[in-house]
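I set out to look up a few helices and what surrounds them. My notes follow the model below.

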Amino acid sequence: MPPRTLVENFICRSCLSTLRKQTPAAQWALRRSSSQATQPLASVSPSHPSRDQDIERQKTLEALGLAKGSKIDRVSVNYFEQGKGGKLRRLQDEDEFGQSLMDPDGQMEARLKEMEQELEQATQFTKIVEEIWGKQGAEKLRQRVASQDESLPKPSLLLPEEDWPPQHRTHIVQLNNMIRTIGRKIHGEGFTQKRINSLWKYYSAARIALSKKPEFVHADIWDLLWQILAADHANNPNRMSHIHTLAKDMQKAGVPLRDDQQLLAIEATFISGFREEAVTAHKKLVTTLGATPETFAEFWELGLRMYCLMGDMARAERVVNTLLDSPYEKDPRFLFPFIRMCVENPATVEKGFELYQRLRSALGDSITIEDYDQVISYFLASNQTEFAFYVFVEMMTSNTVDLRGTHKVPASVSNPFFYGKWLKRLIGAGDLQGAYNVLLHMKSRGVMPQAIVVNGLIGAWLRSGTADNIQKAEEVALAMINARMQFINVRKDMQNLAAFVRLRQYGDGWPRANLETFSLLAENYKERGIHNKMEELWRAFRQAEIAPDSFMLNQLLSSYLQDGQGKHVASLSRDLTNYYQVEPDSWTFLVLWQALPVNRLIQVPPRQLLEEISNTRSLFAEMVRSAHIFVTSGIDAQLARYVLHSFRKLDDKFGLLLAYRALRQIFKFTPPDIIVLELHVGSTDLERTGKGRGGVRLVHAGKQIEGYMKRRHQELIASGQLLEGDGMPDDVKQEELGNFLEALLQSRITQDESSEQLLTQAAMEMGLHGGVPSFETSPAI
């Protein structure tokens with residue numbers, strides 16, 4: 001109740017007289033209803049107090065101490081408040097008195113906090129809805145909420161966390177936290193697999209609790225779970241399993257499923273392995289979803305897919321007729337599953353082709369290449385290559401050539417070039433079995449495929465890595481090699497016959513193998529480490545009278561090296577390059593350097609050390625003579641690393657210094673940081689060195705390099721080549737690192753009377769012939 005004060009005991013008589021003079025009309029005018037407040041007052045004019053009355057009222061307020069700026073403070077006013085039990089409580093001041101008038105029960109602040117929480121929750125709810133369902137979905141939700149009964153619970157995407165048993169409350173809280181996380185991050189990052197899996201994990205943990213109190217789960221929470229767990233996204237591989245479980249839970253909770261949700265739930269049930277249950281659920285909806293124009297096509301197409309997967313030809317055909325005879329709009333591509341089922345059975349393959357023609361007629365100009373490819377794949381997978389060829393011809397000729405019923409195929413389509421287009425398309429799409437079926441079909445029609453196309457299929461088989469495909473690749477490649485051998489034998493026989501006698505090539509329709517065929521097999525045998533097959537292939541290659549190239553040579557040398565026969569690599573390489581006049585490339589030299597005993601063996605016997613130094617210098621001289629092959633792409637860092645470490649392991653300090661100078665000046669090689677550090681420490685495995693006793697040596701080398709680079713940086717600034725505060729550019733840094741390594745290698749050579757002579761002798765053996773200068777004045781390191 002409003003507080004009672006002592007003010008009324010101090011009102012003077014003049015004020016009371018003034019209050020009595022106020023007319024009742026004015027009081028009525030101030031207290032009229034809100035509906036009347038909007039109407040103008042025509043008969044009642046507002047009354048204004050006179051000036052004398054204002055002066056009297058101001059004096060009264062000053063006497064009471066209530067006037068602004070009043071200097072009279074000897075009069076005090078006390079305020080009281082009566083509680084519910086009738087007890088009076090004195091208020092502190094006028095501010096508390098005003099607050100008491102505004103909030104008699106003292107619950108205003110608590111109510112404001114509650115309203116703020118509701119507003120924050122509503123804002124978060126709206127944001128989540130807009131980010132997941134879009135603005136249109138959010139607007140539909142607002143309309144639904146506005147139209148629902150106020151007595152119903154308000155929509156919320158969060159579960160109430162109270163009134164749950166302790167063993168279930170944790171799962172509810174975790175699920176709420178995950179819903180909040182999705183609301184904050186789903187807009188920026190989308191449906192990530194980790195987030196979907198996390199939501200499913202927490203929902204699965206809370207399923208038991210939710211099933212016991214389904215009334216706590218608002219319909220909007222089910223909608224949110226469905227939208228995320230049923231999202232058709234690449235990051236949701238377990239989508240159908242999620243839908244099957246979620247739909248069951250929603251039905252148990254009494255939540256009605258929308259039409260699209262019911263169809264998706266049936267499909268999920270079928271895919272999850274409960275086929276009879278899905279078919280039964282589908283039959284129950286025939287009179288509802290199966291008769292509604294909005295869901296007619298989608299409903300019957302789902303039934304068609306299920307019956308086709310079950311192999312029920314009779315029911316599937318009835319559904320097809322139902323769709324074809326219906327007046328509703330539908331996509332003719334619904335025939336794809338039925339065409340596939342017909343093609344899989346040889347007795348109904350003709351019906352499948354007729355349905356394809358009906359599909360093509362229904363689509364008209366809207367048919368796409370993907371549609372043709374889909375139908376072709378059905379026929380090829382069922383080994384019906386003839387019908388697949390008919391479809392491919394119609395695709396390539398825009399349906400201007402019809403091969404049905406023709407005894408002779410036109411030459412425009414029955415040639416290796418036309419078939420080659422088909423083969424390339426199938427290989428590019430990854431349909432290797434279909435491409436193989438086309439090859440067999442070509443042979444049956446007497447059309448020999450081109451070797452380049454068959455090599456493409458062999459390479460695709462080998463790259464797949466499966467045992468079945470590798471076996472097919474070897475069989476086809478060996479058949480091509482056999483055709484090549486027969487051609488060689490016929491060519492030799494023709495040289496011994498009269499000029500007018502001509503022999504036809506004998507074979508089984510495979511093209512002759514070429515260099516690419518042998519190279520594909522050689523690379524595969526090398527990678528698989530099958531050296532005995534590599535030797536057989538090489539013997540066949542020599543009999544085939546095909547000139548090898550560096551790639552074929554590299555595969556053969558690498559196979560010998562992998563088989564532990566590295567000692568034969570150098571001599572074999574010299575013989576083949578001289579006999580076939582094959583120019584080595586960078587990979588050839590890499591194999592040769594890897595085949596050196598110093599890189600193959602744990603330790604070179606001391607008695608062979610001088611011989612190996614000579615062989616290593618000779619190999620470098622051979623690489624210098626072939627320096628022109630490195631002009632375009634430069635020398636590979638791995639090859640340069642093998643070169644430098646080979647000289648280091650042999651402790652050939654003169655050869656190492658000259659090799660490094662030649663790599664910089666002739667091959668334009670710039671050593672990276674790791675090679676500089678390796679040569680400084682004397683190891684090819686810095687990680688292993690750092691763990692052992694060489695850790696101190698590794699740290700010392702790093703500090704020495706760092707100190708040299710800092711000193712050179714200051715020297716460049718002092719010389720004016722760099723400005724104060726500027727860092728060292730990358731190219732300058734690499735050049736200075738190269739200078740450091742050269743100075744380091746030169747400092748390790750003891751210079752005496754024979755040093756110049758030994759350096760000159762090494763340069764002659766390495767094919768430098770004075771191209772690389774001798775000892776130079778190097779900066780201190």
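Which residues are buried in helix 30? I listed Leu 639, Ala 640, Arg 641, Val 643, Leu 644, His 645, Ser 646 and Phe 647. Buried here means under 20% relative accessible area, with exposed over 50% and partly exposed in between (1.4 Å probe, protein chains only).

I note that this is a predicted model, in which local features need pLDDT of at least 70 and side-chain atom pairs count only at pLDDT 80 or more, while totals for chains, interfaces and linings use all residues. Residues are numbered from 1 along each chain as its sequence is written, and side-chain values use heavy atoms, with hydrogens and water left out.

**Helix 30.** I looked up what the buried residues of helix 30 pack against and found helix 27, helix 28, helix 29, helix 31 (653–665) and helix 32 (673–681). Contact means heavy atoms within 4.5 Å. Helices are DSSP runs (H or I, at least four residues), as are strands (E, at least two), numbered from the N terminus. I also checked the length: helix 30 (residues 637–649) has 13 residues that should span 18 Å at 1.5 Å a residue, and its end C-alpha atoms are 18 Å apart, which agrees. The expected span is 1.5 Å times one less than the number of residues.

**Helix 25.** I then turned to helix 25 (residues 550–562), where 18 Å separates the first C-alpha from the last, close to the 18 Å expected. I found 11 of its 13 residues buried, so helix 25 is largely enclosed by the rest of the structure. The cover over its buried residues includes helix 23 (515–528), helix 24 (531–543), helix 26 (569–580), helix 27 and helix 28 (597–600). Just after helix 25, I noted a positive phi of about 80 degrees at Gly 564.

**Helix 27 with helix 29.** How do the axes of helix 27 and helix 29 cross, and within what distance do they come? For helix 27 (residues 586–594) and helix 29 (residues 609–625), I have axes within 11 Å and a crossing at roughly 175 degrees. The two are therefore roughly antiparallel (over 145 degrees). Helix 27 contributes Phe 589, Leu 592 and Trp 593 to the contact, and helix 29 contributes Thr 616, Leu 619, Phe 620, Glu 622 and Met 623.

**Whole chain.** I recorded 36 helices and two strands in the protein chain. Buried residues make up 41% of its 781 residues.

Technical notes:
Axes are lines fitted to C-alpha atoms, for helices over the stretch in contact, and angles run from 0 to 180 degrees between N-to-C directions. Angles under 35 degrees count as roughly parallel, over 145 as roughly antiparallel, 65 to 115 as roughly perpendicular and the rest as oblique.
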